[in-house]
Amino acid sequence: MQMIAHYTVADPVPFRTAFDADAEDRGRNGLSLLQLWREDDRNHWALFQVTDAKAARAYLSGGAAPFNAQAGVTGVDFHFVETA
């Protein structure tokens, strides 16, 4: 299973710094980054491999709040997907 995430951010520099620093926490919660893209300064997309969907959903519904605040995330949307 994979997850596609869309982040809307206030500033790309603090977002990227916080995003990189959060890698270990995401990993402990079943998410491994495969690719990160920047559409423009405010919109970033990430593709994650999901090894534990339950842990990942729990993290995203509450545990990621400190990251979102530190990174200046103003909006986030997650989609769990599987190969058809």
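How many positive and negative side chains does the chain have, and how far apart do the centres of the two sets lie? There are 7 positive and 11 negative side chains, with the centres 3 Å apart. Lys and Arg count as positive, Asp and Glu as negative; His and the chain ends are left out. Each charge is placed at NZ of Lys, CZ of Arg, CG of Asp or CD of Glu.

Some ground rules. This is a predicted model: local features need pLDDT of at least 70, side-chain atom pairs count only at pLDDT 80 or more, and totals for chains, interfaces and linings use all residues. Residues are numbered from 1 along each chain as its sequence is written, and side-chain values use heavy atoms, without hydrogens or water.

Now the fold. We have four helices and four strands, in the order β-α-α-β-β-α-α-β. These are DSSP runs, numbered from the N terminus: helices are H or I, at least four residues; strands are E, at least two. The C-alpha trace spans about 30 × 25 × 20 Å along its principal axes.

The largest nonpolar core holds 19 residues. Such a core is a set of buried Ala, Val, Leu, Ile, Met, Phe, Trp, Tyr and Cys residues joined through side-chain atoms within 4.5 Å. Strand 1 gives the most to this core, four residues.

Take Phe67, among the residues with the most contacts inside the core. Contact means heavy atoms within 4.5 Å. Leaving aside residues up to four places away in sequence, Phe67 touches Tyr7, Phe15, Ala18, Phe19, Asp22, Tyr59 and Val73.

Methods. Buried means under 20% relative accessible area, exposed over 50%, partly exposed in between (1.4 Å probe, protein chains only).
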